[in-house]
Amino acid sequence: MTKRYREIGKAGWSYTLITSLVGLIYFSPVLWIILTSFKTRTDALAVPPKLFFTPTLDNFASVFYRSSITTGTSQATDMALYFFNSIFIAGTSVGLALIVGTLAAYAFSRYPLRGNDTYLFIILTTRMMPPIVVIIPIFLMFRLSGLAGSYWGIILLYTAFNIPFSVWLVKSFFDELNPEIEDAARMDGASEGRVFFRFCIPQILAGLSATFVFGLILTWNEFLFALLLTGVETRTVPVAMARTLGGEVGVDYGLLAAIVTLFLLPIFFVTFLLQNQLLRGVTFGTVKK
Amino acid sequence: MAEINRRTGGFGAWLLDPKRRGALLVTPAIVILFVMNIFPLLWSFGLSFFNYKASSLKVPTFRGLSNYERVLTDEKVWERFQTTAIIVGSSVILQLIIGFLLALMFAKAFPMRRIVLMLVLTPMMLSFVSVGVFFKLFYEPTFGIVSYLLSAFTEDRFVVLGSPAGAIAGIVIADAWMWSPFVMLLVLAGLVSVPKYLYEAAEIDRASSLRRFWTITFPYIKSLLLLAVLFRTIETFKLFDIVYIITEGGPGSSTETIAVYLYRTAFQFFKTSQSSALAYIVLFIVVVMTNLYLYAVNRRAEEVG
């Protein structure tokens, strides 16, 4: 884990030019969405589609403020709350899954239980399972226990979704560490807690951040369970996005694009900051360096 | 009682005994997984043997295997499986090709690589809802950019989603666009794991670039490609949101994947038990695929280990 990510060969600025061109083509649907967020309603649905237009910030304003035509006043929408919900729910559950998953991964790696591999297999299967298989029981369960519509319900559910991935990924990082160092520390009288926090965790910090960012990407946009299990107070942005679709006047593409653009920003910057870690973490630690 | 506890260390000491440390550390994860995943899973397994309908208050009666029988003999189900197979197959192949080419491109170090790489990674971070809605707009015959760009070649407005083949292509392209970056990340990791001295040796031997690829690069990324195929197959198998938004399964039922069909059975027709039975058949297939996936992971670990 300590060795830096290495590339094959080096190239100059001319190569940057070529790759940026390909990158931009690949990025163009996203770019189109971002452009749409600055378009008026007529420009968004112009025939032929417009690449050049006079930009407007109205869509971004109406994400947070809705003006009423009848009274002429503007009223705050709940979108700020939904953004907070998304950040809070995704952040907490991915963080919680990382903590719980790291403890379990440490155990699976250092203190194998009887039937260790069976546990690991069952854990992985729960990640691979189509969500639709459990959606009805979870829906009933949440209604009976009163968890429906609460922060804790959806946070625990997302935590459960992220645990398998965290366990597998973090275990592979622990497996790569040299246990002799830990034994040497124990000989010197270090407690188990000290071995874990002072020797193991610092060595896999990069791996832990990779796990975090990858879990965040997978949780950030979850829609189906959020739709069924969040209430007015705990609604997340993807659900709010879908709710802008059902209107009598058709989809307001400008408004939707503005929400999509704003919602992309946080995850984009987190990924950008932790990009190198992501490149390593994505292989489930199967690449040894 | 308190006396005995103090002498033997009590419950706390019993729990913290080194023998139980592994079990103790695993417990929180297992408890959360059990409550949120395994318990509901068993519940729906139970439901699959009854004739429960979430929309009615009637007390469900035991039906044995009849739900499974009905699902497995239903021709519609087999058609949905076929549709799913076509979409999964073509999407995963497309993701592999695009992901592989992108990885080759980004395997080199070049100025501003971090930023250019972000351009390619962004589709993965979009929500299914937004990808679905905007691709539907792109495919729209009157306002869409696709039919506009193609209007130079075709006389009429190009209707992407009008025919079954077009609708499938439309879904496959949206899905492949979103997830090729993931394949790219996997392949990229494989490419950088190739020891440099092998390339240097090939340089000395003046091996052709094609030969260099087959004898040096390919063996190192082979099992990662397999990993990518399996992971993406399992994920695409569950494809729901994009299909539901772009085509709603149409035209007709030509793009109705098994996940969409499952959703319809459960939430539109409220055949809760029947959908649970079908869900279990799907789960069985996924478990088999997961086994293959693990096999690939282990082989990869052996190769690099």
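How much area do chain B and chain A bury between them?

## Interface between chains B and A

In this predicted model, chain B and chain A bury about 9400 Å² between them, and 80% of that area is on carbon and sulfur atoms. Within chain B, B:M36, B:R114 and B:M125 supply 8% of the area buried against chain A, more than any other three residues. Helix α3(B) gives the largest share of the side of chain B that touches chain A, with 20 residues.

The contact draws on 103 residues from chain B and 102 residues from chain A. Between the two chains there are zero salt bridges, while eight residue pairs are in polar contact, both residues being at pLDDT 80 or more.

## Helix α3 of chain B

Helix α3 of chain B covers residues 21-47. Because 27 residues at 1.5 Å a residue should span 39 Å, the 37 Å between its end C-alpha atoms agrees with expectation. The helix α3(B) bends by about 50° at B:F34.

Several residues of α3(B) are buried, among them B:G22, B:L25, B:V26, B:A29, B:I32, B:L33 and B:M36. Further along α3(B), the buried residues include B:N37, B:P40, B:L41, B:S44 and B:L47. In general, an α-helix has 3.6 residues a turn, so residues three or four places apart point the same way.

## Residue B:R113

B:R113 lies in helix α6 of chain B, which covers residues 113-121. B:R113 counts as buried because its relative accessibility is 9%, under the 20% cut-off. A polar atom of the B:R113 side chain lies 3.1 Å from the backbone oxygen of B:K108.

B:R113 and B:F11 are separated by 102 residues in sequence and by 56 Å in space, C-alpha to C-alpha.

Definitions and conventions:
Residues are numbered from 1 along each chain as its sequence is written. Chains are lettered from A and ligands numbered from 1 in the order in which they are written. This is a predicted model: local features need pLDDT of at least 70, side-chain atom pairs count only at pLDDT 80 or more; totals for chains, interfaces and linings use all residues. Side-chain values use heavy atoms; hydrogens and water are left out. Helices (H or I, at least four residues) and strands (E, at least two) are DSSP runs, numbered from the N terminus. The expected span of a helix is 1.5 Å times one less than its number of residues. The bend at a residue is the angle between axes fitted to the seven residues ending there and the seven starting there. Buried means under 20% relative accessible area, exposed over 50%, partly exposed in between (1.4 Å probe, protein chains only). A polar contact is a pair of N or O atoms within 3.5 Å; within protein, one must be able to donate a hydrogen and the other to accept it, and residues adjacent in sequence count only if both atoms are side-chain atoms. Contact means heavy atoms within 4.5 Å. Buried area is the accessible area (1.4 Å probe) that two parts lose on being put together, summed over both. A salt bridge is a side-chain nitrogen of Lys or Arg within 4 Å of a carboxyl oxygen of Asp or Glu.
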